[in-house]
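Here is a report on a single protein chain. It moves from ring pairs to strands, then to totals.

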Amino acid sequence: MPAAGLELSALRRSYGAVHALDGLDLALAPGELVALLGPSGCGKTTALRIVAGFERPDAGQVRLDGADITPVSAAKRDMGMVFQSYSLFPHLTAAENVAFGLRLRKTAAPQRKARAEELLELVGIAGHGARYPHQLSGGQQQRVALARALAIRPKVLLLDEPLSALDAKVRLQLRDEIRRVQLDLGIMTLFVTHDQEEALSMADRVAVMRSGQLEQCAAPAQLYDRPATAFVAEFVGTMNRLRGTMIDADSVEVAGRRLPVDGQRPVPGTKVEVLLRPEAIELEAIEPDSVADRAGVDPAVGTVRTATFLGAITRVAITLEDGTEVKADLPSHRACEFPAGGRARLTPAPRPVLVVAP
């Protein structure tokens with residue numbers, strides 16, 4: 001990865017007894033979009049506000065292009081910010097909102113006008129410059145807010161859950177637009193979201209946070225396929241927990257199959273819970289009460305509860321004999337093989353897994 005343009009080093013921030021940030025380290029490369037992802041209260045918005053200069057850390061530094069900007073005021077940081085609530089000036093037109101930062105910087109009127117028109121076209125709402133915020137839809141207002149943040153040509157673009165107030169269809173459209181604009185301009189971007197799909201689809205890397213600390217920062221595919229911790233594995237996507245036993249330091253037995261182990265490795269013989277994605281579970285339909293069924297004997301056999309159609313795949317929910325609930329994804333054309341009440345045997349795919357000692 002190229003040298004970092006933005007660095008968060010050992011950031012700490014507390015509110016009384018609550019540690020919002022507890023030693024956060026993160027680096028962004030020039031032109032990179034990094035998403036901060038995590039549950040409510042994990043510290044992602046606090047981190048963004050510290051980068052923006054709206055808050056000061058109790059300890060640690062924020063560096064931009066190698067310079068320490070921690071003591072620099074928000075107004076003097078070379079950053080543009082898009083808020084969740086749009087925060088447009090209601091008495092200004094769309095074009096005037098976009099040009100507002102340029103006016104504060106004493107940019108000449110003709111240049112402000114040209115820059116506003118250029119950016120409104122870039123974000124896909126050319127011809128709307130004369131409209132006031134109340135005359136625009138939510139998606140259009142957010143496009144204006146994005147154009148306003150970009151007008152001053154900032155080195156860093158900060159996005160604070162900018163899509164959460166929009167309906168699903170507009171959110172998808174604007175998500176693609178933001179990514180397109182970010183790539184076209186090559187602007188370094190820090191994006192806060194609690195939406196996994198947004199983070200995984202937009203970001204070059206996703207930083208998963210928990211209790212003020214960084215659990216893992218990786219490319220979306222790596223984060224999903226090779227999570228570093230059980231928290232990341234279960235927070236990103238859907239995850240099953242099946243009972244297993246450590247065979248040796250590198251492998252675990254689960255549902256009759258021996259699998260290689262990633263991450264922590266409990267001592268051989270330890271009873272563990274094995275984390276498996278729905279797509280990493282293969283299903284075989286079996287006849288009820290048959291020899292293959294062996295009800296109560298085979299831990300990998302269970303009863304089909306539901307089959308949820310999701311387009312190209314169908315998610316089948318099974319209850320094993322020990323009461324464990326398991327979800328498996330399979331091609332939808334096979335869904336008819338697994339009616340509710342039917343019996344099925346699961347087989348884990350031969351790929352590395354995480355294990356957790358209960």
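Is Phe100 buried, partly exposed or exposed? Phe100 is partly exposed, with a relative accessible area of 21%. The cut-offs are these: buried means under 20% relative accessible area, exposed over 50%, and partly exposed in between, with a 1.4 Å probe and protein chains only.

This is a predicted model, where local features need pLDDT of at least 70, side-chain atom pairs count only at pLDDT 80 or more, and totals for chains, interfaces and linings use all residues. Residues are numbered from 1 along each chain as its sequence is written, and side-chain values use heavy atoms, with hydrogens and water left out.

**Aromatic rings**

A search of the whole structure gives 3 aromatic pairs. Rings of Phe, Tyr and Trp (its six-membered ring) pair if their centres lie within 6.5 Å; planes under 30 degrees apart count as stacked, over 60 as edge-to-face and the rest as tilted. Phe89 and Phe100 have ring centres 4.5 Å apart and planes at 50°, so this pair is tilted. The pair links distant parts of the chain, 11 residues apart: Phe89 sits in the loop between strand S6 (79-82) and helix H2 (94-98), and Phe100 in helix H3 (residues 100-104). Helices (H or I, at least four residues) and strands (E, at least two) are DSSP runs, numbered from the N terminus. Phe89 is partly exposed, at a relative accessible area of 28%.

Phe231 and Phe235 form a stacked pair, 5.6 Å centre to centre with 15° between the planes. Both lie in helix H9 (residues 230-235), 4 residues apart, about one turn of the helix. Phe231 and Phe235 are both buried.

A charged side chain also meets a ring. Arg277 lies over the face of Tyr224, 4.0 Å from the ring centre. The criterion is NZ of Lys or CZ of Arg within 6 Å of the ring centre and within 35 degrees of the ring normal.

**The open sheet**

Six strands make an open sheet in the order S6-S7-S8-S3-S9-S10, with mixed pairing. Two strands pair if DSSP finds at least two bridges between them. S6 and strand S10 (213-218) stand at the edges; each has a single partner strand, so one side of each lacks a neighbour in the sheet. The twist averages 20° from one strand to the next. Axes are lines fitted to C-alpha atoms, for helices over the stretch in contact, and angles run from 0 to 180 degrees between N-to-C directions.

Helix H5 (residues 138-151) packs on this sheet and touches S6 and strand S7 (156-160). The direction of H5 makes about 170° with that of S6. Contact means heavy atoms within 4.5 Å.

**Strand pairs**

Strands of a sheet pair through backbone hydrogen bonds, either parallel or antiparallel.

| Strands | Bridges | Direction |
|---|---|---|
| S3 (residues 33-37) and S8 (residues 188-193) | 5 bridges | parallel |
| S16 (residues 301-309) and S19 (residues 343-348) | 3 bridges | antiparallel |
| S16 and S17 (residues 313-320) | 7 bridges | antiparallel |

Leu36 has Val192 in S8 as its bridge partner. Val301 is bridged to Arg345 in S19, and Ala307 to Val316 in S17. The hairpin of S16 and S17 has 3 residues between the strands, and Gly311 there takes a positive phi near 95°.

**Totals**

The protein has 9 helices and 20 strands. Of its 358 residues, 49% count as buried. The C-alpha atoms fill a box of roughly 85 × 45 × 35 Å along the principal axes.
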